[in-house]
Amino acid sequence: MSMQFNPKEIPRGRRFIEAALIGALVILVTVGQWRVAVHDADTSVALVRRPRGVMGTDCVLAAVVARRDTATAEAALDAAEAALRQVEARMSNWLDDSEVSRLRVAAAGVLMPLSSDTLAVLAAARNAFEFTGQTFDVTCRPQVELWRRAGATAQMPREVEIVEARAASRWEHFELAESGVVKRTASACVDMGGIAKGYGIDLALQAIQRAGLRGGLVDVGGDVACFGRQAGGQPWLIAVKDPGQPGPLAQLRVGDRAVATSGDYARYVEIEGKRYSHIIDPRVGLPAEAARSVTVIADTAVMADIWATALSVLGAEGLERLPAGVEALVFCSGGDEPRLVCTPGFQDLCIGPLSNFILATRSRRP
């Protein structure tokens, strides 16, 4: 079984990606260290922009271009930022006037008009629900909100509340149409946090690529996509930081792809002295505990986003579900010593030996 995304729905395109992660797995991008000669109009230069307030997190946009073409690069960065802000305006759970927020309060049985972008992401999410063994589920917002309230009150949810939240989290409550969505029950709602950022990154990277530049980078909260090379001609390199101690776990050289991370190291709730992940296992209505963090490399940021969330629920055992072209590292929680389990393809992208990594046995899916 393969996850098929309609190219008209989910923009793809070539990507040169080398990313890493904030917190447990952090990106070490050298855009701030680029140095260029000033005498040659053909010399590559890097234009770097750090727009504020994009999806509630840090954002870095970079374009590598010949010195004589800086105006083209500036326009490309404008388009990339606009793409990110448009996705946020439509799919944010935190903006009251977003399409997702208006869908949340829409009445049952009434067509809620949605943009083609939002419909495309919902269709991809529904596809991913089955492909990931029902572990990636954007309809689980009632469960997410239940645990947010639990964190705010520092009280564990009651079993009846968990059962009710699970019953409210079903794809059967939604009917996707050509121009929008009809909810079959008024309480149904979606949380696009696990996929909208990746979609925005893909659109932003395409905006830079369409300008015909030599390289570019889009980093939103540690999920990164890039193509080409740095201004000095060096490939994009990333370091995967050890979440338990100083220093990196590994360095990666990744091309034409995207990298995303998910985990409980940055976002969590604490109840009675125990930390609970913000990622919910929608199958049982409880916070995920199988992995402390996950890094995924895929052809698109959407795909990387989906599997970073799914593997946070499935843990290392979920690596066998990965389709061809998707690689991952799972930092397993529990036990006296953490386990670092990765796919053979992930190891192939690492620079230097990884004696402390456990290779997962997996059968490639088409």
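A: Start with what counts as a helix: a DSSP run of H or I with at least four residues, numbered from the N terminus. The model is predicted. By that assignment, the chain has 8 helices and 19 strands. The chain holds 366 residues, of which 55% count as buried. Take the contacts with a separation of 6 or more: 66% of them join residues 24 or more positions apart.

Begin with α4. Helix α4 covers residues 141-153 and has 13 residues. From first C-alpha to last, α4 reaches 18 Å, close to the 18 Å expected at 1.5 Å a residue. Its buried residues are Arg 141, Pro 142, Gln 143, Val 144, Leu 146, Trp 147 and Ala 150. These buried residues pack against two helices, α2 (99-104) and α5 (159-167). They also pack against strands β11 (268-271), β12 (274-277), β13 (280-281) and β14 (286-287).

Ala 154 follows α4 and has a positive phi, near 60°. Ala 154 takes this positive phi although it is not a glycine. Ala 154 lies in the loop between α4 and α5. Its relative accessibility is 39%, so Ala 154 counts as partly exposed. The cut-offs behind that call are 20% for buried and 50% for exposed, with partly exposed in between.

Gln 134 sits in the loop between α3 (116-131) and α4. Gln 134 also has a positive phi, about 65°, although it is not a glycine. Gln 134 is partly exposed, with a relative accessible area of 36%.

Next, α3 itself. Its 16 residues should span 22 Å at 1.5 Å a residue. The end C-alpha atoms of α3 are 23 Å apart, which agrees with that figure. The buried residues in α3 are Asp 117, Thr 118, Leu 119, Ala 120, Val 121, Leu 122, Ala 124, Ala 125, Ala 128, Phe 129 and Phe 131. Helices α1 (70-91), α2, α6 and α7 are included in what covers them. So are the strands β4 (174-176) and β5 (180-183).

Zoom in on one residue of α3. Ala 124 lies in this helix. Its relative accessibility is 3%, so Ala 124 counts as buried. Ala 124 and Val 302 are 178 residues apart in sequence. In space, these two are 8.8 Å apart, C-alpha to C-alpha.

Helix α6 spans residues 196-209, and helix α7 spans residues 301-314. The two pack at an angle of about 160°, with their axes 7 Å apart. That makes α6 roughly antiparallel to α7, because angles over 145 degrees get that label. The crossing of α6 past α7 is right-handed. On the α6 side, the contact is made by Lys 197, Gly 198, Tyr 199, Ile 201 and Asp 202. On the α7 side, Ala 301, Val 302 and Asp 305 make it. By class, this contact has 4 nonpolar, 1 polar and 3 charged residues.

One more residue of α6 deserves a look. Ile 208 is found in this helix. At 0% relative accessibility, Ile 208 counts as buried. Leave aside its neighbours within four places in sequence. Ile 208 then contacts Ala 62, Ala 76, Leu 77, Ala 80, Leu 213, Gly 215, Gly 216, Leu 217, Val 218 and Phe 227. Thr 72 is 136 residues away from Ile 208 along the chain, yet their C-alpha atoms are separated by 9.6 Å.

Ser 101 lies in α2. Ser 101 is buried, with a relative accessible area of 2%. Beyond its neighbours within four places in sequence, Ser 101 is in contact with Ser 92, Asn 93, Leu 95 and Asp 96.

Note on methods:
Residues numbered from 1 in each chain as written. Predicted model: local features only at pLDDT ≥ 70, side-chain atom pairs only at ≥ 80, totals over all residues. Heavy atoms only, no water. Axes fitted to C-alpha atoms, helices over the stretch in contact; angles between N-to-C directions. Parallel < 35°, antiparallel > 145°, perpendicular 65-115°, else oblique. Left-handed = near helix turned anticlockwise from the far one by under 90°. Contact = heavy atoms within 4.5 Å. Nonpolar A, V, L, I, M, F, W, Y, C, P; charged D, E, K, R; others polar. Expected span 1.5 Å × (residues − 1). Buried < 20%, exposed > 50% of the residue type's maximum accessible area, 1.4 Å probe, protein only.
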